[in-house]
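Colleague: I have a model open and would like to talk it through. Can you help me read it?

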Amino acid sequence: MLTGITMYAVIFIIINYLSGWIDRYSIDKDNLLIRFLTTTVLVALCMFFLIYTEGQIYNFFFTDNMPPTKEMEQAFHNYLVVNMIVAAFINSFYNSYRFFERWKAAMVESNKLDLLSHELRETALQAELRTLKIQLDPHFLFNNFSMLMQLIEIDKAAAARFLGNLSRVYRYLLASSKKDIISLEEELKFVESYFHLIKIRHGEAVNLDVKIKGEDKYKGIPPVTLQLLIENAIKHNIAVTSQPLSIVIESGEKGYIVVRNNLQRINIDYPKTNLGLSNIAQRYELLGGIKPETVVDEADFTVKLPLLNF
C-alpha cells in the first residue's frame, strides 16, 4: 500500500512535469487530444518502469527469490491493470483540469478585451459627437450676434426682445450639449424660440408651419437638428416679402418626420460646405440610426428625419 501511494505521487509529479514540457516545446500544445495521447503513452511507460522497479525491490527484500506461482502472476496482472487504469484516470483528470483552467483564463481575458473595446468605442463615439456639436455654435453665434448689433442701433426694444429669446435659445443649447438624443417635443419648443429670432431678422419673408402628431413628440432626434435645417433653408434660398420662404415641419410616414421648404435658390456662386446636412448625417450614423433621406425636386427641398428611441 505504501509503495502504491508513493508510485501514484511519482506519477502525478511526472504528469505535471510532462504537461509543463509540452507547454514549452510542443507545437500542438493547444490540441487537447494530442496532448492527452502524448501524456498517456509517456505515463504508461513510466508506470511500467515503476511497477518493474517495485517488483524488483519486493523480490529482493520479501520473497527470498521464490519462483512465482499462477496465483502470484494473476495477482500481478490484476495489479498492473488496476495501476494502469488509475494512472490513466489521474492523467485524464489532470489534463481536464489544466484545460478548464486555461479555458477560464481565456474567457476572462476575452471578456476584459471586449469590455475594453466597448469602452474605447464609446469614448471615441462621445468624442466625435462632441466635435460635431462644437461645429454648430460658432456659425449660429455669429449670425445672431450680428443681428443683435443691428437691432441695438435701430430699435432697442426689439433688441431686448431678441436678446431674451437668444438667451432662451442658448440655455437650450447648453442643456442639450450634454445629451446625444433629445425628445422631439423639447426640440420643437426650442425651434419656437429660435424662429422668433428668425422673424425679427426676416419678418414675413419666412414662414414656419409645424404639424406634428402627438405620439411623435415623445420620440427623439439629435439636438439642434431642426434648427440646422431651418438655417440651411434660409441660407440657400431667396426669402423676401414678395417671394416668401415657407418651411414645414410635419409628421411623415411611421417613424419619420419631414422638414420641407419651397425651393427658390439664391443664384450666387460661392463654395458649398454642406456642413449642416453632413453634420446631421454623421450624428445619426454615430448614434446607430438610419441616415436621413434628402429629396430635391423642382418645387421643394425635403429632408426625412428618422425618429430615434431614447
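This is a predicted model: local features need pLDDT of at least 70, side-chain atom pairs count only at pLDDT 80 or more; totals for chains, interfaces and linings use all residues.

Colleague: What share of the residues is buried?

Modeller: Of the 310 residues, 35% are buried. Buried means under 20% relative accessible area, exposed means over 50%, and partly exposed is in between (1.4 Å probe, protein chains only).

Colleague: Which residues of the largest nonpolar core touch the most other members?

Modeller: They are Leu184, Phe190, Val206, Leu226, Ile249 and Leu305, out of 44 residues in that core. Helix 3, helix 5 (184-202) and strand 4 are among the elements that each supply at least two residues of this core. A nonpolar core is a set of buried Ala, Val, Leu, Ile, Met, Phe, Trp, Tyr and Cys residues joined through side-chain atoms within 4.5 Å. In soluble globular proteins, nonpolar side chains tend to be buried together.

Colleague: Change of topic. Where is Asn143?

Modeller: Asn143 sits in helix 3 (residues 70-154).

Colleague: Why does Asn143 count as buried?

Modeller: Because its relative accessibility is 18%. Leaving aside neighbours within four places in sequence, Asn143 is in contact (heavy atoms within 4.5 Å) with Arg201 and Glu231. Glu231 is 88 residues from Asn143 along the chain, and their C-alpha atoms are separated by 10.0 Å.

Colleague: And Glu250, buried or exposed?

Modeller: Glu250 is buried, with a relative accessible area of 17%. Glu250 lies in strand 4 (residues 245-251).

Colleague: What does the side chain of Glu250 make a polar contact with?

Modeller: The partner is the side chain of Arg260, at 2.8 Å. A polar contact is a pair of N or O atoms within 3.5 Å; within protein, one must be able to donate a hydrogen and the other to accept it, and residues adjacent in sequence count only if both atoms are side-chain atoms.

How values were computed. Residues are numbered from 1 along each chain as its sequence is written. Side-chain values use heavy atoms; hydrogens and water are left out. Helices (H or I, at least four residues) and strands (E, at least two) are DSSP runs, numbered from the N terminus.
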